[in-house]
Amino acid sequence: MMTIRWTETARADLRAIHAFIARDSRVYARRMVSRIKTTVERLRQFAASGASVLEWNRPELREIVVGNYRVIYRLGDRAVVILTVIHAASQLPDNDLEV
C-alpha cells in the first residue's frame, strides 16, 4: 500500500478551492474538498490508475479528475505525492511545482 503525501502547494490549492466555493455555499465547499480527499485516498491501493499528464511528458506524473478539478501527482515506488489541485479549465504552470 502506498503512502500519500500532500505538498504545501496542494494543501494551499485545497484551501483556495474551499474558499472560492464557500462564497456561494459552505456546505458544497466542504463536500468538494472531502470528495477530492476521498478520491486521492484511493490512490493508496490504485496509485497507477491516474492518466498521464498530457502537458508534461514525464511518466511519473499522473492525474485524476474529480469534478472540475485535476489532481496532479508524482508516482514513486512507495509514495504518491500530490503536487497540485487545479481547475480543469486552468493552464498548468510550466515549472513551479515541487516535483
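**View 1. A salt-bridge network links Glu55, Glu63 and Arg70.** This is a predicted model: local features need pLDDT of at least 70, side-chain atom pairs count only at pLDDT 80 or more, and totals for chains, interfaces and linings use all residues. Residues are numbered from 1 along each chain as its sequence is written, and side-chain values use heavy atoms, with hydrogens and water left out. A salt bridge here is a side-chain nitrogen of Lys or Arg within 4 Å of a carboxyl oxygen of Asp or Glu. Glu55 bridges to Arg70, with the closest N and O atoms 2.9 Å apart. This pair links distant parts of the chain: Glu55 sits in the loop between β2 and β3, Arg70 in strand β4, 15 residues apart. Arg70 also meets Glu63 in a salt bridge, at 2.4 Å from N to O. Glu55 is partly exposed, as its relative accessible area is 45%. Arg70, at 8%, is buried. Glu63 is buried too. The classes are buried under 20% relative accessible area, exposed over 50%, and partly exposed in between (1.4 Å probe, protein chains only). Side chains of opposite charge can pair when their charged atoms come close.

**View 2. Arg44 and Glu41 form a salt bridge.** Their side chains meet at 2.5 Å, N to O. Arg44 is partly exposed, at 27% relative accessibility. Glu41 is also partly exposed, at 35%. A search of the whole structure finds 5 salt bridges.

**View 3. Five strands build an open, mixed sheet.** The strand order is β1-β5-β4-β3-β2. β1 (3-6) and β2 (51-52) stand at the edges with a single partner strand each, so one side of each has no neighbour in the sheet. Strands (E, at least two residues) and helices (H or I, at least four) are DSSP runs, numbered from the N terminus. Two strands pair if DSSP finds at least two bridges between them. β1 and β5 (residues 79-87) pair in the parallel sense over 4 bridges. Within that pairing, Ile4 has Val80 in β5 as its bridge partner.

**View 4. β3 pairs with β2 and with β4.** β2 and β3 run antiparallel and are joined by 2 bridges. Ser52 has Arg62 in β3 as its bridge partner. β3 and β4 are also antiparallel, over 6 bridges. Glu63 stands opposite Ile72 in β4. The hairpin of β3 and β4 has 2 residues between the strands, and Gly67 takes a positive phi near 60° there. Of the 6 residues of β3, 5 are buried, so this strand is largely enclosed by the rest of the structure.

**View 5. Helices α1 and α2 pack on the sheet.** α1 (residues 8-22) lies across β1, β4 (69-75) and β5, and runs at about 35° to β5. α2 (residues 26-41) touches β1, β3 (61-66), β4 and β5. The direction of α2 makes about 135° with that of β3. Axes are lines fitted to C-alpha atoms, for helices over the stretch in contact; angles run from 0 to 180 degrees between N-to-C directions. Thr39 belongs to helix α2. At 17% relative accessibility, Thr39 counts as buried. Leaving aside neighbours within four places in sequence, Thr39 contacts Ile64 and Val66. Contact means heavy atoms within 4.5 Å.

**View 6. The largest nonpolar core has 22 residues.** A nonpolar core is a set of buried Ala, Val, Leu, Ile, Met, Phe, Trp, Tyr and Cys residues joined through side-chain atoms within 4.5 Å. Trp6, Ile36, Val40, Ile82 and Val85 have the most contacts inside this core. β1, α1, α2, β3, β4 and β5 each supply at least two of its residues. α2 gives the most, with 5. Beyond its neighbours within four places in sequence, Ile36 contacts Trp6, Leu14, Ile17, Val66, Tyr69, Val71 and Val85. Another core, of 8 residues, lies apart from the largest one; among its members are Val53, Leu61, Val81 and Leu83.

**View 7. The protein chain has a mean pLDDT of 92.** pLDDT is the predictor's confidence in each residue, from 0 to 100. In the chain, 93% of residues reach 70 or more. Confidence is lowest in β2, at a mean of 92, and highest in α2, at 98.
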